[in-house]
Amino acid sequence: SFFNDVVTTSKVIENDNDHDLDTYLQFHHQLYFQWDKTVGNNAALFRDQIHAAQNRGRVSRHQTTEKITVFENVWKVLEGVPQVTTKKSRVIVPIFLHFLHDQYFVFHREDPDAREFGLENEMETSDLLVMGSWQKEKLGRKILQKKLNSFMRMFNEVKGMQQLYKHRLLFVIFVSFLSNPDLNIAQLALSCLTNYKAPYINPYKDQLKGMLNRLQ
């Protein structure tokens, strides 16, 4: 599925068809959300691969792979095509904001940023993005950190952050993640911030990296 995604996305980019790319991203995300919400019971995301395996008398790997692995592979596609992240940020950024609002800050309720960001006022309502909050007991710190890492790695590949939808809010979010206890997340946040090319950050990025390393 990962390699199929890369091929499909590349073809859409070559054709430069905005409608096709919008439809592809939205449809793919809907299928992933159904798979994630049902803990893998709804495997429509991998329908073609599952049918092919069944025709060969085999059990598809997509029916046994851990869901976090699927999540990471889905978002890894965009790491290789940052121009898609930029061009379709009105689709991609709200997905990230919903993850923070509906999952990350549901688990980290004590984090003051959960209120200061005012994410509920920033998100758009649509059939794609009205997902509802998760229950804290169904979330886990390790899984959430891996999901956050996937998003941050994707944003890190975008070199012109000001081109992104809600880039000012993203800037504030990245600043807050500088204090994340996961050093990898903090380093990715700093890297994302340097992609803004702010004159009060970039000249001191090496010193800031050193400070992060000493704080861990």
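Visitor: In which element does I185 lie?

Guide: This is a predicted model, and in it I185 lies in helix 11.

Visitor: Is I185 buried or exposed?

Guide: One reads this from the relative accessible area, where a value under 20% counts as buried. I185 has a relative accessible area of 0%, and therefore I185 is buried.

Visitor: Which residues does I185 touch, once those up to four places away in sequence are set aside?

Guide: The residues touched by I185 are Q145, L148, N149, M152, F177 and N180. A separation in sequence may also be set beside a separation in space. I185 and S150 are 35 residues apart in sequence, and their C-alpha atoms are 9.7 Å apart.

Visitor: How many residues has helix 11, and what is its reach?

Guide: A helix can be judged by its span from the first C-alpha to the last. Helix 11 has 12 residues and reaches 17 Å, close to the 16 Å expected at 1.5 Å a residue. At the start of helix 11, a side-chain oxygen of D182 comes to within 2.9 Å of the backbone nitrogen of N184.

Visitor: Which residues of helix 11 are buried?

Guide: Besides I185, the buried residues of helix 11 are A186, L188, A189, L190, C192, L193 and T194.

Visitor: Where is the place of N195?

Guide: N195 is in the loop between helix 11 (183-194) and helix 12 (205-215).

Visitor: Why does N195 count as buried?

Guide: The cut-off for buried is under 20% relative accessible area. N195 counts as buried because its relative accessibility is 8%. Leaving aside neighbours within four places in sequence, N195 is in contact with F155, N156, V158, K159, G160, M161 and Q162.

Visitor: Where does I201 lie, and which residues does I201 touch?

Guide: I201 also lies in the loop between helix 11 and helix 12. With residues up to four places away in sequence not counted, I201 touches F171, L193, T194 and L208. The C-alpha atoms of I201 and L190 are separated by 9.3 Å, and these two residues are 11 residues apart along the chain. I201 is buried, with a relative accessible area of 11%.

Visitor: What is the phi of K166, and where is K166 found?

Guide: K166 is not a glycine, yet has a positive phi of about 55°. K166 is found in the loop between helix 9 and helix 10 (167-176). At 24% relative accessibility, K166 counts as partly exposed.

Visitor: How many of the residues of helix 10 are buried?

Guide: Helix 10 is mostly covered, with 7 of its 10 residues buried. These are H167, L169, L170, F171, I173, F174 and S176. One of them, F171, is among the residues touched by I201.

Visitor: What share of the residues of the protein count as buried?

Guide: Of its 216 residues, 46% count as buried. Contacts may be sorted by separation in sequence. Among the contacts with a separation of 6 or more, 72% are between residues 24 or more positions apart.

How values were computed. Residues are numbered from 1 along each chain as its sequence is written. This is a predicted model: local features need pLDDT of at least 70, side-chain atom pairs count only at pLDDT 80 or more; totals for chains, interfaces and linings use all residues. Side-chain values use heavy atoms; hydrogens and water are left out. Helices (H or I, at least four residues) and strands (E, at least two) are DSSP runs, numbered from the N terminus. Buried means under 20% relative accessible area, exposed over 50%, partly exposed in between (1.4 Å probe, protein chains only). Contact means heavy atoms within 4.5 Å. The expected span of a helix is 1.5 Å times one less than its number of residues. A polar contact is a pair of N or O atoms within 3.5 Å; within protein, one must be able to donate a hydrogen and the other to accept it, and residues adjacent in sequence count only if both atoms are side-chain atoms.
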